[in-house]
Amino acid sequence: MTTSASPQRDVQIEGTPSTRSVLLVFAGLMVAMLLASLDQTIFSTALPTIVGQLNGVEHMLWVTTAYILASTIVMPVYGKLGDLIGRKWLFISAISIFLVGSVMGGLADSMGTLIAGRAVQGLGGGGLMILALAIIADVVPARQRGKYSGIMGAVFAVSSVAGPLLGGFFTDGPGWRWAFWMNIPLGILAIVSAIFFLTLPKREYAKPRIDYPGMIVLAMAATSLVLFTTWGGTTYDWDSPVIIGLIVATVVFAILFVFIESRAAEPVIPLKLFANRNFNLTTGAGLITGVAMFGALAYMPTYLQMVTGVGATSAGLLMIPMMGALLVASIGSGQIVSRTGKYKLIPIVGSLVTALGLFLLSTMTASTAIWIMCVFLAVMGLGLGMSMQILVLVVQNSFPRAIVGTATSSNNFFRQIGSSLGAAIVGSLFVSRLTDILASGAGTGAGSSAGPATNSLTPAAVAALPEAARTVIVNAYNDALTPIFLLMVPLMLVAAVLLAFVVEKPLATRIEKVENDASSRLEAFEESLSTGANPTAEPVLTTRTRSIPSV
């Protein structure tokens, strides 16, 4: 395919860093991403002990919500600021903020201080993920980026299993505070790596015009959305005044945000992004994938404990087949993209395989063998690994480097929203169905004098029940959750259809040099709107262009 976007434009090409320098940078980025992703799950197994010691059971939900909320809010902000002022020192600042939050959490003597520390961690953690993805786009051409993106996806797979296991290990061993203290040496290592090895291509930066109104309104909209999806159906009923008020606030702030962004000189999420076909398709598919992935991940460990009778640690270990398959598929698909330059088919197949995995999970019964459940989880992990990180690559390849941070952060922002929606929707349906089924089976012993109240059920309590009562509860958990997996199958089919319309543009083989003034970024936007060419793929070389072999 011959590209012809803006042949009059005098495009310059940056020299590509050596493989050794890229690997050194990449190692530091992986440490930072591991920190951010681990802290999303590491406290799931430690929470009962933490709230017991700090006397804050009523605030338990905020230990996790504070981190997710803060990181979601700042994702687009970090992406935009990285494009405006550069990413290296912004990345180091994000790590530093994360470490400050870790110290606050490690020293916490009350739930208020602990939650504040988790919020500060989130303010840094959101930047760690987004800036790491954008920095790779700064130093590795898109054609070679697939193999690095695959490893990044593997980091999230490992952390989703390692987080709960580490949390349990620290809680049972040296103490839950070590879940905070372990971040200090790793964070310092990431900072040292960034200072000495992270050398980004030089750019000219004009005086930035920060979109403060847009950032504030976006924060309010994201806060309202995350809170109503987190609290709805659990802390508050869906029809309660609090949830209805949050839903209304989300809509109002979203409308106000669009109004502000349409008039801002440097919008935090430029509306022009949505004029790009590939951005819309991959963002929609990513949001749907987030719904399906976190909808399954959030409640499968509980299902495994209650239905199979295994302990919390064993339930976490039973999720390893899913994460192992995700890891292999993520790395493997990245290698294929780097070798062939073709990427469109892989996420389509991944979406279909994920749909198959969800369908298989919906067929589980209380008598299904554990190894078969693990196979079903592995199928789903295989599909997720083939699609998640490739979607980020598609977005980055659809925009010039001048705005790649903004595009990456915006795409991940909506995926994070999908994750929050998935956990909330599945949780609400699961709890309501479980309550109804258990209520209808109360006469058989569940929730009667033959056993504990239905809202006090634990795996140990269920295991101690008479056979008849235990069977009712186990079947209730199965019948409440597995049909929800079937409802998510059409969602993944929709994702596959969306991705079928992605325009497969040639992957860039060189790093484009860009000017960072507002007019240059506007020009870059206009070029990226074309669906038939990628201005960064094979630019016309001029007398000012240096062609350097890629990594």
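**A pocket and the helices around it**

Three helices, α9 (212-231), α10 (241-261) and α17 (404-440), each give at least two residues to the lining of the second largest pocket. Helices here are DSSP runs of H or I with at least four residues, strands are runs of E with at least two, and both are numbered from the N terminus. You are looking at a predicted model, in which local features need pLDDT of at least 70 and side-chain atom pairs count only at pLDDT 80 or more, while totals for chains, interfaces and linings use all residues. Residues are numbered from 1 along each chain as its sequence is written, and side-chain values use heavy atoms, with hydrogens and water left out.

Let us step back to the whole protein. It holds 20 helices and two strands. Among contacts (heavy atoms within 4.5 Å) between residues at least 6 apart in sequence, 85% join residues at least 24 apart.

Now back to the second largest pocket. A pocket is an open set of points on a 1 Å grid over the protein atoms alone where a 1.4 Å probe fits, with protein on both sides within 12 Å along at least five of seven lines; lining residues have an atom within 4 Å of a point. This one contains about 330 Å³ of space, taken as the space filled by probe spheres set on the points. Its lining has 17 residues, and Ala221, Thr250, Ala254, Phe413 and Phe414 lie nearest the centre. Helix α10 makes the largest contribution, with six residues.

So what does α10 look like? Its 21 residues should span 30 Å at 1.5 Å a residue, and this agrees with the 30 Å between its end C-alpha atoms. The expected value is 1.5 Å times one less than the number of residues. Buried along α10 are Ile243, Leu246, Ala249, Thr250, Phe257, Ile260 and Glu261. They share one side of the helix, because they cover an arc of only 115 degrees around its axis, judged by the directions from the axis to the C-beta atoms. These buried residues pack against α9, whereas the face turned away from them carries the exposed Pro241 and Ile255.

Finally, visit Ile437, which sits in α17. Ile437 is partly exposed, at 25% relative accessible area. Leaving aside residues up to four places away in sequence, Ile437 touches Ala476, Asp479 and Ala480. Its C-alpha atom is 9.0 Å from that of Val472, 35 residues away along the chain.

How values were computed: Buried < 20%, exposed > 50% of the residue type's maximum accessible area, 1.4 Å probe, protein only.
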